[in-house]
Amino acid sequence: MGTVTLINNETGEKFDFDLIDCTRGPKAVNFSKLFETTNIFSYDPGYGSTAGCESTISYVDGKNGKLLYRGMPIEEVVSKYKFTDVAKLLITGEAPKNEKESIEFDLELRHRSFLHEGLINIFSAFPDKAHPMANLSSAVAALSTFHFDSKDDINDYQVMARRIIAKITTLVAFSYRNSVGAPFIYPDISRGYVENFLYMLRAYPGGRLKYTINGEEEITALEIEALDKLFILHADHGQNASTTTVRNVASTGVHPYAAISAGINALWGPAHGGANEKVLDQLREIGDVNNVDKFIQRAKDKNYPFRLMGFGHRVYKNYDPRAKAIKALKDELDKKGIKMDSRLSEIAEKLEEVALNDDYFKERNLYPNVDFYSGIILTALKIPVELFTPIFVIGRMPGWCAQAIEHITNPYARITRPRQVYLGE
Ligand code: ACO
């Protein structure tokens, strides 16, 4: 504990505010009664110095480049669990205790992966070429018209969370197939979570995968492992823009799927999850390692609205641990047989090398973030670029659900309603 004293230099009045000891990281000052006691409010655009909630789900240590899920370092989570286990860990606070619990949760998701036939019709209303993120946020909002669970206790929210975690892969696959005019491939419950997603993306009508001279192509164990790890690395990340959006919308008491739909829209922006798509566009535009210096100069030029996509982060002032893990995964997969596009990989590594040795990037602590290397792996997995951000949605879904549940079930949580610094007439 402890206090902070605020002195109003205009009036000489002094006010004490309690300090909160967070279990990790710096202390927070409790300003919840600031306005009530002082008739002054705080101004913090972008909320860089403001916590809007208490949370026990994930912890981002931006100074040291560490990330914890439910207290466990992300590196340990990735090596120990598969994505569906991590989903359970995030939404319930406990990973499956044994193989049986892990399988039971996985099976529950398989059986919940189907969509109401009425919901499927919604896709036919969307024009071809619509971005899958637009289709996806609309379809998730529409999901709330098909499922009216009571919201009496935590179990109801758990059911809602499991349902949307299960269905999001189907919704992403259908959004994509709709955008390219391909017929939908329904889930196959004999396949696990990640394999089923790749199957729904890749299969031909009749449910067969591509035929080659060697017979029917398989979805390999290595591909499944690669995507599973990517999902885990995206699963939660403190109070980022989309999670904050989910919490803000959920704070009004709306249907949780409407809050998740809002989160999907927030994620779409290129300053947030939409950056993974833009990174790949940028790597392709750079085209050659010899052009890297020119683009780095452009990123530093304040007269030019160009930023190095996949670089920089509000919280990390050190290497993003997710970017580190994804870069290592890229190299590991390449060695094991999932061949990366060597030109894109070389350009990305050169960009990183030049930026990390450049004063502009060093002074501002700009490092690669989660979006910098993920697209190279996704490309090697034959995933089209417009699906990169929807894939982020799949990974982040357990985190959004966990955060929404935490917010809705907190009896002290209030509707989000900040003030404004009014400068108008
Ligand atoms: N390229 C060039 N300069 C940059 C970059 C970048 N990628 N990122 C930040 N800067 C510069 C800014 O111009 C600013 O410089 P200044 O102090 O001279 O004005 C300084 O670094 C601080 O940047 P801010 O925009 O104030 O930092 P903020 O915390 O508000 O933004 C953000 C963070 C949005 C991630 C930013 O770094 C960015 O736009 N990065 C590129 C987009 C991106 O990769 N987004 C994904 C983030 S991860 C995620 O959300 C999943």
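These legends accompany close-up views of a predicted model.

**View 1. Strands S1, S2 and S3 form an open sheet.**
The strand order is S1-S2-S3, and the pairing is antiparallel. Strand S1 covers residues 3–7 and strand S3 covers 28–29. Both stand at the edges with a single partner strand each, so one side of each has no neighbour in the sheet. Strand S2, residues 14–20, is joined to S3 by two bridges.

**View 2. Strands S4, S5 and S6 form another open sheet.**
Here the order is S4-S5-S6, again with antiparallel pairing. Strand S4 (58–61) and strand S6 (72–73) are the edge strands, and each pairs on one side only. Strand S5 spans residues 66–69 and runs antiparallel to S6, with two bridges joining them. Tyr69 faces its opposite residue, Met72, in S6. Tyr69 also belongs to the largest nonpolar core, where it is among the residues with the most contacts.

**View 3. The largest nonpolar core has 119 residues.**
Tyr69, Ile168 and Leu227 have the most contacts inside this core. Helix H7, residues 154–179, supplies its largest share, twelve residues. Which residues does Ile168 touch, leaving out those up to four places away in sequence? They are Leu136, Val140, Tyr193, Val393, Ile394 and Met397.

**View 4. Ile165 sits in helix H7.**
Is Ile165 buried or exposed? Its relative accessibility is 0%, so Ile165 counts as buried. Beyond residues up to four places away in sequence, Ile165 touches Ala87, Ile91, Leu109, Tyr193, Met397, Pro398 and Cys401. Leu423 lies 258 residues from Ile165 along the chain, and their C-alpha atoms are separated by 44 Å.

**View 5. Helix H8 is mostly covered.**
H8 runs over residues 193–202, and eight of its ten residues are buried. These are Tyr193, Val194, Asn196, Phe197, Leu198, Tyr199, Met200 and Leu201. What covers the buried residues of H8? The cover includes helix H3 (83–92), helix H4 (99–111), H7, helix H9 (221–233) and helix H18 (388–408).

**View 6. Helices H3 and H18 pack at an angle of about 15°.**
Their axes lie 8 Å apart. Angles under 35 degrees count as roughly parallel, and H3 and H18 are therefore roughly parallel to each other. H3 passes H18 in a right-handed crossing. On the H3 side, Phe83, Ala87, Leu90 and Ile91 make the contact. H18 contributes Ile394, Gly395, Pro398, Gly399, Cys401, Ala402 and Ile405.

**View 7. Helices H9 and H14 cross at roughly 175°.**
Helix H14 spans residues 321–336, and its axis comes within 11 Å of that of H9. Angles over 145 degrees count as roughly antiparallel. H9 and H14 are therefore roughly antiparallel to each other. From H9, the contact uses Leu222, Glu225, Ala226, Lys229, Leu230 and Leu233. From H14, Arg322, Ala325, Ile326, Leu329, Glu332, Leu333 and Lys336 take part.

Technical notes
Residues are numbered from 1 along each chain as its sequence is written. This is a predicted model: local features need pLDDT of at least 70, side-chain atom pairs count only at pLDDT 80 or more; totals for chains, interfaces and linings use all residues. Side-chain values use heavy atoms; hydrogens and water are left out. Two strands pair if DSSP finds at least two bridges between them. Helices (H or I, at least four residues) and strands (E, at least two) are DSSP runs, numbered from the N terminus. A nonpolar core is a set of buried Ala, Val, Leu, Ile, Met, Phe, Trp, Tyr and Cys residues joined through side-chain atoms within 4.5 Å. Buried means under 20% relative accessible area, exposed over 50%, partly exposed in between (1.4 Å probe, protein chains only). Contact means heavy atoms within 4.5 Å. Axes are lines fitted to C-alpha atoms, for helices over the stretch in contact, and angles run from 0 to 180 degrees between N-to-C directions. Angles under 35 degrees count as roughly parallel, over 145 as roughly antiparallel, 65 to 115 as roughly perpendicular and the rest as oblique. A crossing is left-handed if the near helix is turned anticlockwise from the far one by less than a right angle, and right-handed if clockwise.
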